[in-house]
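Here is a short report for a reader who is new to this structure.

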Amino acid sequence: MGSEPPRRQVALEAGYVLVPDQDGRGPALLASHSQATGDTYFPRRSCCPVTFGPVEEVELSAPGELYSWTYIAQRRPDGTVVPVGVGQVDLPEGPRIQAPLAGVPGDWEIGMAMELELTPVLDPSGAPFLDADGAEMVTFGFRPVAAP
Amino acid sequence: MTTLDDVYVVGVGMHPIVARGPSVKVMGYVAGSEALADAGLRFDQVDCVYHGYRPVDPSVQGTAVVKELGLTGVPVTQVENASATGSAAFREAVLAVASGRVAVAMALGVGQQGGANLVATEAAATPPSVEEQLLPAAYFGMWAVRRMHDVGTTVETYAAIAAKNWNHARHNPYARRRADHTVTVEEVLASRLIAHPHTSMMSAATGDGAACVVVARRDVARRLAVDRGRPLVRVTASQLASESYGPGHVFLGAVVGPPQLTRTTAAAAFEQAGVGPGDLSLVHVHDAFPVEELLYMETLGLCGDGEADGLVAEGATTLGGRIPFSTDGGLIARGHPVGPTGLAQIWDVTQQLRGEAGARQVEGARLALAHLMGAGSVCAVHILERVSAQGRP
């Protein structure tokens, strides 16, 4: 038996992250840059939060640094408990991003390099949510940068 | 900045915080009628009502709850500000009296269906939104982990703070969590993990309940206080603020902070009241998780940054210590039904300042601060002081 082709991926919610299957490029976070302040804000905004002036759309994909981490002790319907990582990552452009973390307790250390990834959103049984067309719903998250 | 003149708490009441309460109408009636009886007022003497609740249930009609107290045609306004809902309702009542346009205002908070959704320990059955994936329990878990890295705080310190609050609640008949034994650090650490490093006994208790505070202008308050031989409880500061932008600002997901917001809001409250952190007899904060109590001790100016662990270790924040925190059990043990929580803080503060707090009494309580955060976020800070009915502190 041959392996199944990988499912198409779609963003859980539009406007946060570029998904290659949908956008032709990515993954990259969609952010806003204010020329007036020099700061970059995530998620995208309608105006600069400090000057109320215009912002331009930018895409962020460079690795960042782990500011903090935790994990939720999530209970599955069958009673098993799985750790679900959540972290805050500081990107080189400036913003601090709160997002799911890949890995298990013990993998994460404050200060480590983290890279952006797309991760499926799981239902209570641990299977990915699918949209009406059978595409896998994904959101942005971070994983430790693999050692060279 | 204008000082707050002429606003006094004249009555407080609560419905106990329980796992599953009766209808919101019943809970609201119990809290409201208790507050009116405490004040010595009838419902038709109330000039306006601010009703705080978190509309998780569309059938919870705030005005219907208030009507249980009587049909007087009183103007009713619903107030919502996430976890700070009760504080926001209190603030509106205070400002209504301070403005001079009413003599008596009521703030009533009702909470049902478990209160705040701080933890989602089961995956959602339908796809969550991007925001919904990141809940307060994770946000505070990350604060706790970062503090362990920066300051060296231990899980034992977190557990000690939680145990302190559980043990304070043993003296509070309205609290959600009333242990029948002395709660220890070991017991807290052994409870189920929610979001590392916080266990279930370290997490704000959900529940149903209600709380009510009635405020009045000076002439009304003085008459009522003299009738009952009580000191006056004056509101000397009310501050509410939302976020300002700063380095490391988090915009997405649960944001119940940043800590800087407490620093600036509290500073404004101290200035308005003309007092400093060293003048406080007791403090209430948004202690949904123990790391918050440490951070707010520092951002309220009770000690320098990184020094709060020492205060906890020396017992300073326990009843009997020099600056007790969460004397009624706080969010962890008194509970956090959301709508009532900010008003439950004022309930305890009022009893403390009157000398009516019984086994929870802080000796010689004269000045108190009540702080709450609301996700989104906002920070609410109120300062209250005891004044003799003759006008002397």
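The sections below start with how the model is read.

## Basis

This is a predicted model, in which local features need pLDDT of at least 70 and side-chain atom pairs count only at pLDDT 80 or more, while totals for chains, interfaces and linings use all residues. Residues are numbered from 1 along each chain as its sequence is written, chains are lettered from A and ligands numbered from 1 in the order in which they are written, and side-chain values use heavy atoms, with hydrogens and water left out.

## Aromatic rings

A pair of aromatic rings is described by the distance of the centres and the angle of the planes. Rings of Phe, Tyr and Trp (its six-membered ring) pair if their centres lie within 6.5 Å; planes under 30 degrees apart are stacked, over 60 edge-to-face, and the rest tilted. Over all chains, there are 14 aromatic pairs. One of them joins Tyr16(A) and Phe42(A), edge-to-face, at 6.5 Å centre to centre and 65° between the planes. Tyr16(A) lies in the loop between strand 1 (9-11) and strand 2 (17-18) of chain A, and Phe42(A) in the loop between strand 4 (40-41) and strand 5 (56-60) of chain A, so the pair ties together parts 26 residues apart in sequence. Helices (H or I, at least four residues) and strands (E, at least two) are DSSP runs, numbered from the N terminus. Tyr16(A) is buried at 13% relative accessible area. Phe42(A) is buried too, at 2%. Buried means under 20% relative accessible area, exposed over 50%, and partly exposed in between (1.4 Å probe, protein chains only).

In chain B, the rings of Tyr139(B) and Trp143(B) form a tilted pair, with centres 5.6 Å apart and planes at 45°. These residues are four apart in helix 4 (residues 136-150) of chain B, about one helical turn. Tyr139(B) is buried at 4%, and Trp143(B) is buried at 12%.

## Nonpolar cores

A nonpolar core is a set of buried Ala, Val, Leu, Ile, Met, Phe, Trp, Tyr and Cys residues joined through side-chain atoms within 4.5 Å. Which residues have the most contacts inside the largest one? They are Leu29(A), Phe140(A), Phe142(A), Val283(B) and Ile383(B), in a core of 101 residues. Helix 4 of chain B gives the largest share of this core, eight residues. Another core lies apart from it, with 37 residues, including Met14(B) and Val213(B).

## Backbone

Most residues other than glycine have a negative phi, and most peptide bonds are trans. Phe42(A) and Pro43(A) are joined by a cis peptide bond, with omega about 5°. Pro43(A) is in the loop between strand 4 and strand 5 of chain A. Gly376(B) and Ser377(B) are also joined by a cis bond, with omega about 5°. Ser377(B) sits in the loop between strand 10 (367-374) and strand 11 (378-387) of chain B.

Phe52(A) is not a glycine, but its phi is positive, near 65°. Phe52(A) lies in the loop between strand 4 and strand 5 of chain A. Is Phe52(A) buried or exposed? Phe52(A) is exposed, at 64% relative accessibility. Ala82(B) has a positive phi of about 55°. Ala82(B) lies in the loop between strand 3 (76-79) and helix 3 (85-98) of chain B, and is buried at 16%.
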